[in-house]
Amino acid sequence: MEVVYEDNHIIIVNKSSGEIVQADKTGDVSLSEKVKQYIKEAYAKPGNVFIGVVHRLDRPVSGLVVFARTSKALTRLNNMFRDGGVRKTYWAIVQNRPANDEGELVHWIYRNQSHNKSYALDHEEYAAKKAILRYRVIGSSDNYTLVEVNLLTGRHHQIRCQLAAIGCPIKGDLKYGARRSNPDASISLLARHIEFVHPVSRQLISVTAPLPKDNLWQSFADL
């Protein structure tokens with residue numbers, strides 16, 4: 001576990017692909033439990049350690065995850081995430097270059113719970129939620145394109161689903177149309193940057209995740 005920022009109220013860690021943020025039916029040790037253990041050992045805290053899960057990343061996604069260390073911070077961060085007070089920037093390596101190098105995508109996303117998959121519709125429909133993101137192409141290799149994404153809404157599998165809907169599935173994302181899987185079962189989606197006003201101190205927090213260590217990601221290291 002890699003801690004990239006911490007203070008008395010929040011802790012931000014760089015999640016590896018394959019980790020789960022919160023415990024699920026798999027029984028695998030969650031990132032939230034690892035953070036609790038880290039705090040317990042680092043600060044010699046007796047008894048139970050409080051950690052509040054503010055948001056999540058899909059299991060095959062890597063990058064920044066924010067946790068609250070106090071109930072005050074948890075309440076305020078939950079409100080900030082809900083009300084758009086947190087700026088989240090993602091990097092995605094996609095198979096095909098978008099038709100336009102930048103733009104705004106608007107869909108209505110329907111989630112199929114039994115298949116754990118979302119579908120992007122180009123029209124409003126019952127039970128579908130409006131999803132908006134902005135993207136821009138920031139790099140390319142011989143076979144892939146690097147896209148920067150800013151989320152304006154937070155829907156289930158939103159980036160994966162919307163990029164696939166314009167013919168640009170994320171590398172390794174078989175569920176949404178990628179040609180092949182990545183060797184480590186990851187998908188090439190990174191929660192790259194997060195920025196918000198600290199819920200207690202009111203200072204600006206701005207944190208960037210390091211790139212994964214594989215060669216393709218590292219080819220974009222100078223951007």
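Contact here means heavy atoms within 4.5 Å, and every view described below is drawn from a predicted model.

View 1. Setting aside neighbours within four places in sequence, Thr153 is in contact with Lys130, Ala131, Ile132 and Gln158. Thr153 belongs to the loop that runs between β9 (145-151) and α3 (158-165), and because its relative accessibility is 17%, below the 20% limit, this residue counts as buried. Its side chain takes part in two of the contacts to be shown here: a polar atom of the Thr153 side chain lies 2.9 Å from the backbone nitrogen of Ile132, and a polar contact of 3.0 Å links the side chain of Thr153 with that of Gln158.

**View 2. Trp91 in strand β5.** Strand β5 spans residues 87-94 and contains Trp91, which counts as buried because its relative accessibility is 6%. Once residues up to four places away in sequence are excluded, Trp91 touches a set of residues including Ile138, Leu146, Val147, Ser188, Leu190, Arg192, Phe220 and Leu223. Glu148 is also touched by Trp91, and the side chains of these two residues are joined by a polar contact of 3.2 Å. The C-alpha atoms of Trp91 and Ala191 are 6.6 Å apart in space, although 100 residues separate the pair in sequence.

**View 3. The largest nonpolar core and Leu189.** This core has 30 residues, and those with the most contacts inside it are Phe67, Tyr90, Val149, Ile159, Leu163, Ile170 and Leu189. Two or more residues are given to this core by each of β2 (10-15), α1 (31-42), β4 (62-68), β5, β8 (129-140), β9, α3 and β10 (189-197). Leu189, with residues up to four places away in sequence not counted, touches Val61, Ser62, Tyr90, Trp91, Ala92, Ile159, Arg160, Ile170 and Trp217. In soluble globular proteins, nonpolar side chains tend to be buried together.

**View 4. Charged side-chain ends over the rings of Tyr43 and Tyr176.** The charged end of Arg69 sits over the ring of Tyr43 at 4.9 Å from the ring centre, while the charged end of Lys117 sits over the ring of Tyr176 at 5.5 Å from the centre of that ring. A search of the whole structure for aromatic pairs, by contrast, finds zero.

Note on methods: Residues are numbered from 1 along each chain as its sequence is written. This is a predicted model: local features need pLDDT of at least 70, side-chain atom pairs count only at pLDDT 80 or more; totals for chains, interfaces and linings use all residues. Side-chain values use heavy atoms; hydrogens and water are left out. Helices (H or I, at least four residues) and strands (E, at least two) are DSSP runs, numbered from the N terminus. Buried means under 20% relative accessible area, exposed over 50%, partly exposed in between (1.4 Å probe, protein chains only). A polar contact is a pair of N or O atoms within 3.5 Å; within protein, one must be able to donate a hydrogen and the other to accept it, and residues adjacent in sequence count only if both atoms are side-chain atoms. Rings of Phe, Tyr and Trp (its six-membered ring) pair if their centres lie within 6.5 Å; planes under 30 degrees apart count as stacked, over 60 as edge-to-face and the rest as tilted. A charge sits over a ring if NZ of Lys or CZ of Arg is within 6 Å of the ring centre and within 35 degrees of the ring normal. A nonpolar core is a set of buried Ala, Val, Leu, Ile, Met, Phe, Trp, Tyr and Cys residues joined through side-chain atoms within 4.5 Å.
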